[in-house]
Amino acid sequence: MKRAARQRWLLLATVAVLLGLALWQWQRDASHANGALTTLDPAAISHISLALPDAATLHYEKRSDGHWWRTDGTAHRAADDDRLRDLADIAGARVLSWRPLGDFEPAKIGLAPPQAILTLDGQTLAFGVNAVPGPQRYVRVGERVALVSARYMPRSPEIRTTELH
């Protein structure tokens, strides 16, 4: 076999090995992924309830016109559809890690009582305090506790952005 042919075969073998390693790594990463906070599709969510400390629970419904309406008391259109979309998007928040609820003392991580309770189409998410390792927050989902980015902490859609500054 000539030298040039040997080099081509060696190059092809190297490329094949690298592709195999990349595929293996991709499959390994996919199998170890923690997934999203819920299995709900954020765009399909049609009912949101938000309970914050020292405030009445807020209830919202997405109507057929695509707009959010506040439904506690006399129904009226919500002031800011984007803020409610942000709340619905929490359903798809990327989880950094999952642990069983039994691994924690709920009061120590702010889940007894929770800092906020967000209910999306019947799926309840209870938010605790910020975690020690960084800007992350504990979230109870059923009998498990997720660690998610602190940016997913729900805020009241009734507070205008200018009031926060």
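Two strands pair if DSSP finds at least two bridges between them. Strand 1 and strand 6 run antiparallel and are joined by four bridges. In that pair, Ala 51 stands opposite Ile 117 of strand 6. The model described here is predicted.

## Overall layout

The protein has two helices and nine strands. From the N terminus on, the elements run α-β-β-β-β-α-β-β-β-β-β. The radius of gyration is 23 Å, well over the 15 Å that the globule rule gives for 165 residues, so the protein is more spread out than a compact globule. Along the principal axes, the C-alpha atoms fill a box of roughly 85 × 45 × 30 Å.

Buried residues make up 29% of the 165 residues. The accessible surface comes to about 10600 Å². Carbon and sulfur atoms account for 57% of that surface. Among contacts with a separation of 6 or more, 51% are between residues 24 or more positions apart.

In what order do the nine strands lie in the open sheet? The order is 4-3-2-1-6-7-8-9-5, and the pairing is antiparallel. Strand 4 (76–77) and strand 5 (95–100) stand at the edges. Each has a single partner strand, so one side of each is left without a neighbour in the sheet. Helix 2 (residues 81–89) packs on the sheet. This helix touches strand 1 (47–51), strand 2, strand 3, strand 4 and strand 6 (116–120). The direction of helix 2 makes about 85 degrees with that of strand 1.

| Strand pair | Sense | Bridges |
|---|---|---|
| Strand 2 and strand 3 | antiparallel | three |
| Strand 1 and strand 6 | antiparallel | four |
| Strand 6 and strand 7 | antiparallel | five |
| Strand 7 and strand 8 | antiparallel | three |
| Strand 8 and strand 9 | antiparallel | six |

Strand 6 forms a hairpin with strand 7, with two residues between the strands. Asp 121 in this hairpin takes a positive phi near 50 degrees. Across the pair, Thr 119 stands opposite Thr 124 of strand 7.

Next comes the pairing of strand 7 with strand 8. These two form a hairpin with five residues between them. Here Ala 126 stands opposite Arg 140 in strand 8.

## The nonpolar cores

In soluble globular proteins, nonpolar side chains tend to be buried together. The largest nonpolar core here holds 26 residues. Which of them touch the most other members? They are Leu 37, Ile 48, Ile 90, Leu 118 and Leu 125. Elements giving two or more residues to this core include strand 1, strand 2, helix 2 and strand 5.

Not counting residues up to four places away in sequence, its contacts include Ile 90, Ala 91, Val 95 and Trp 98. Leu 125, Val 139, Ala 146 and Val 148 are also among them. A second, separate core has nine residues. Its members include Ile 109, Leu 111, Ala 126 and Tyr 138.

## Around Trp 68

Trp 68 lies in strand 3. Is this residue's side buried or exposed? Its relative accessibility is 1%, so Trp 68 counts as buried; the cut-off for buried is under 20%. Leaving aside neighbours within four places in sequence, Trp 68 is in contact with residues including His 47, Ile 48, Tyr 60 and Lys 62. Asp 81, Leu 84 and Arg 85 are also in contact with Trp 68. Trp 68 and Arg 85 are 17 residues apart in sequence. In space, their C-alpha atoms are 8.9 Å apart.

Methods: Residues numbered from 1 in each chain as written. Predicted model: local features only at pLDDT ≥ 70, side-chain atom pairs only at ≥ 80, totals over all residues. Heavy atoms only, no water. Contact = heavy atoms within 4.5 Å. Axes fitted to C-alpha atoms, helices over the stretch in contact; angles between N-to-C directions. Rg over C-alpha atoms; globule rule 2.2 N^0.38 Å. Buried < 20%, exposed > 50% of the residue type's maximum accessible area, 1.4 Å probe, protein only. Areas by Shrake-Rupley, 256 points an atom, 1.4 Å probe, with all protein chains shown as cover. Core = buried A, V, L, I, M, F, W, Y, C linked by side-chain atoms within 4.5 Å.
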